[in-house]
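Visitor: Could you show me how to read side-chain packing and aromatic pairs in a model?

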Amino acid sequence: MDYQNRAGSKFGGGGVASHSATNADRRERLRKLALETIDLDKDPYFFKNHVGSFECRLCLTVHQNDGSYLAHTQGKKHQTNLARRAAREQREGRQNIDPATGLPASVAASLSARRNVVKIGRPGYKITKIRDPATRQQGLLFQLQYPDATPDVSPKWQVMNAFSQTIEEPDRSFQYLVVAAEPYETVGFKIPARELDKREDRQFCFWDPDSKEFWIQVMFMTEREERFNAAPGLTARR
């Protein structure tokens with residue numbers, strides 16, 4: 001620490017360091033020490049927010065620069081919280097917990113491996129319009145082919161509204177049926193934003209692991225049923 005050029009001291013002499021100067025020197029030493037042992041890219045508690053500050057997710061503290069955060073990691077508060085977290089995980093039988101995700105290490109490893117899967121393109125598909133002759137309900141039957149899907153992968157699907165996606169401009173007249181199965185790209189189908197009949201005999205999906213085909217059927221409520229469900233005080237049909 002440089003003690004020269006302080007008020008009241010001669011050139012070359014060591015003046016008395018102020019309290020703030022001592023703290024600044026201590027923080028700098030802690031920062032250099034932390035840089036030797038901590039990689040910020042792998043620190044699960046290090047987070048840079050939208051205003052450029054740095055946050056500690058473990059202690060819920062905000063720091064103006066990375067040096068301040070590194071000094072914080074060597075402090076008593078951060079070390080105490082780390083010890084408390086380790087003791088709690090050991091008490092709950094969670095010794096093999098991945099700190100970045102909070103999931104078991106084996107599950108976290110499989111998730112990270114799946115994120116790095118190279119996409120091989122879109123699946124083949126066929127869409128058929130269907131209609132129930134008894135109830136006169138209209139619907140759609142989706143047939144998707146995944147010939148190169150891995151044996152342990154089962155396709156997943158969901159319906160999302162137009163404001164939940166970022167690919168197209170939101171249009172309240174439509175909703176999207178999204179299907180995902182690795183290593184294929186996720187595909188979405190634009191369907192009318194009508195209420196779906198979610199009863200088991202009306203809406204279902206089926207995955208055939210032998211032919212690698214995935215079937216999805218969705219049925220729309222009739223206009224009469226939609227008006228009935230929208231009326232206040234009336235119970236929708238299940």
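Guide: Gladly. Contact means heavy atoms within 4.5 Å. Leaving out residues up to four places away in sequence, L177 touches F142, W157, Q158, V159, V187, G188, F189, I191, I216 and V218. This is a predicted model, where local features need pLDDT of at least 70, side-chain atom pairs count only at pLDDT 80 or more, and totals for chains, interfaces and linings use all residues. Numbering runs from 1 along each chain as its sequence is written, and side-chain values use heavy atoms, without hydrogens and water.

Visitor: Which residues have the most contacts inside the largest nonpolar core?

Guide: In soluble globular proteins, nonpolar side chains tend to be buried together. A nonpolar core is a set of buried Ala, Val, Leu, Ile, Met, Phe, Trp, Tyr and Cys residues joined through side-chain atoms within 4.5 Å; buried means under 20% relative accessible area, exposed over 50%, partly exposed in between (1.4 Å probe, protein chains only). Here the largest core has 19 residues, and F142, L144, Y146, L177, V179 and I216 have the most contacts inside it. Another core, of 9 residues, lies apart from it and includes F46, F54, C56 and C59.

Visitor: How do I read the aromatic pairs?

Guide: Such a pair is described by the distance of the centres and the angle of the planes. Rings of Phe, Tyr and Trp (its six-membered ring) pair if their centres lie within 6.5 Å; planes under 30 degrees apart are stacked, over 60 edge-to-face, the rest tilted. The structure holds 7 aromatic pairs. F46 and F54 are stacked, at 5.3 Å centre to centre and 20 degrees between the planes.
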